[in-house]
Each structure stands twice: as C-alpha cells, then as structure tokens.
Amino acid sequence: MTIKVIIVDDQAMVRAGFAALLAAQSDIDVVGDAPDGRQGVEVSRRTHPDVVLMDVRMPEMDGLEAARQLLDPPTGVTHRPKVLMLTTFDVDDYVYEALRAGASGFLLKDAPPADLISAVRVVAAGEALLAPSVTRRLIADFARQRPAPRKNPALRLGGLTPRETEVLELIARGLSNQEIAGSLILAEQTVKTHIGRVLAKLGLRDRAQAVIYAYESGLVAPGTSSPSGD
C-alpha cells in the first residue's frame, strides 16, 4: 500500500528536498505541497493524504492552526490525515499544543534522511513518533513549563486497572511496545491490547496524547528518567 504525503513548509528548498527524498521510496507518493498552513489545509482537503509533514512557523497560517483544522475538521469533512510536525531544535509551545490537538509527533528538520522516511512510515501505520530521547525530554520540559493538572485526575485514571496504569506510565516515559513488554514481562501483543484499552478508556487518540495526559494528570513527574536510564 502506497503512503500518500503532502509537505507544508514556507521554505521552497525544504519542500523540494523532502519531496525528492520521499518520492524515491517505492511505498511513498508525494501528492502535493504548500508554502503555508492555509494552502496546506486546502491541498490536504483536495488530495486526501495519509500523512501531512507540517512546519511549525509559517506565514498566513501557522502549523498549529493548520493541524487543528485538519485534525478537527468541520461538519461534512470526513478525511483526517496523520500530522507530523517539522521543527528546529528550539521547539516551542506550538509543538506541545499540536500534540494535544492530535498531531502524531514531531521530527527535527535536520534529522537524518533515514529518520524522515521511517517517521512517515511509523505515523502512517498509526503509531506516534515519540521514541527519540530528545522527544521525551522536550515533552517533559513542556509539562514542567506549563503545569496544568486536572482538578481530579483520579476520577479518570481510576477507570484504569493497575496494569493499564503501569502501561500508561511507561508510554509516558517513552518506552516502545517491545520495551514495555520486557519491563512488565508480558507478550508484546498483550501490551498492544492494554494500550488500546488505555486510549479507549481515557478518550485519547494515540500515544502522543497519552504522553501529554500522563504528564498533565500528574501520573508522571516531569524530568524523571525512564526505567531504561535514558
């Protein structure tokens, strides 16, 4: 199955470079591009991509507002692509808000080409791009800078079983399914089942929102290290 992608970035050279790299892959088809968020939304509505690579800072409409429009479309619009935010190392609140809005993760613009290709495939498959340790640190930083604990998180966390709570905590610490399985001595398929139940019970779209929820609810304290020591 071919993954349809559009690239939204105000730098023409970035769009061209990413398009050439992705189009060279047999399983990826670049179906459009746009120089700002407003046009990006229009191109997405027209081409129905599986994944949108979205720059954060752009004229006309920034990546955050564009992501919101794509992930929470108006009545009558049924297509909702996966959104992967593109940013430089100095990630700001825009990316944090995009994750809360339902973006599937973010990727540094200077990441190796293989990482970009892998990111598109991972996001298209329905996973959140939260594995790199830099991502875990940045999300923890956002949570520390913007503490917004829910008034009574126990009311919602109370719906999880002890095992599901453990799984949510390990997701928030950035562990992969395989790492969670090893930590809890479970089969990887069992971990996937637990994750599905956690997302359903908490009304979350994906792992990205699960991470944000775990920090905001106070289940995981910002800045704590993962069991793997990363």
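Reply:
**The helix pair and the sheet**

In α8, Arg 163, Glu 164, Val 167, Leu 168 and Ile 171 meet His 194, Ile 195, Arg 197, Val 198, Lys 201 and Leu 202 of α10 (contact: heavy atoms within 4.5 Å; helices, H or I of at least four residues, and strands, E of at least two, are DSSP runs numbered from the N terminus). The model is predicted, so local features need pLDDT of at least 70 and side-chain atom pairs 80 or more, while totals for chains, interfaces and linings use all residues. Residues count from 1 along each chain as its sequence is written, and side-chain values use heavy atoms, without hydrogens or water.

Helix α8 spans residues 162–172 and helix α10 residues 188–202; their axes are 9 Å apart, at an angle of about 95° (axes are lines fitted to C-alpha atoms, for helices over the stretch in contact; angles run from 0 to 180 degrees between N-to-C directions). The two helices are therefore roughly perpendicular to each other (under 35 degrees is roughly parallel, over 145 roughly antiparallel, 65 to 115 roughly perpendicular, the rest oblique).

One residue of this contact can be followed further. His 194 belongs to α10 and, at 11% relative accessibility, counts as buried (buried is under 20% relative accessible area, exposed over 50%, partly exposed in between; 1.4 Å probe, protein chains only). Apart from neighbours within four places in sequence, His 194 is in contact with Arg 163, Glu 164, Val 167 and Leu 186.

Elsewhere in the model there is an open sheet of five strands, ordered β2-β1-β3-β4-β5 and paired in parallel (pairing needs at least two DSSP bridges). At its edges stand β2 and β5 (105–108), each with a single partner strand, so one side of each has no neighbour in the sheet. From one strand to the next the twist averages 25°.

Strand β1, residues 3–8, is mostly covered, with five of its six residues buried. Its parallel pairing with β2 (residues 28–34) is made by six bridges, and the pairing with β3 (residues 51–55), also parallel, by four. Ile 7 takes part in both: its bridge partner is Asp 33 in β2 and Leu 53 in β3.

Helix α2 (residues 37–47) covers β1, β2 and β3, running at about 160° to β1. Helix α5 (residues 113–124) lies across β1, β2, β3, β4 and β5, at about 125° to β3.

Strand β3 also holds Asp 55. An unreviewed UniProt entry lists Asp 55 for "modified residue: 4-aspartylphosphate" (positions follow the numbering used here, feature names are shortened, and annotations may be inferred rather than shown by experiment). With a relative accessible area of 5%, Asp 55 is buried. Leaving out residues up to four places away in sequence, Asp 55 touches Val 8, Asp 9, Asp 10, Gly 63, Met 85, Leu 86 and Lys 109.

Leu 99 sits in helix α4, residues 93–101, and is buried at 1% relative accessible area. Leu 99 and Ala 210 are 111 residues apart in sequence, yet 9.8 Å apart in space from C-alpha to C-alpha.
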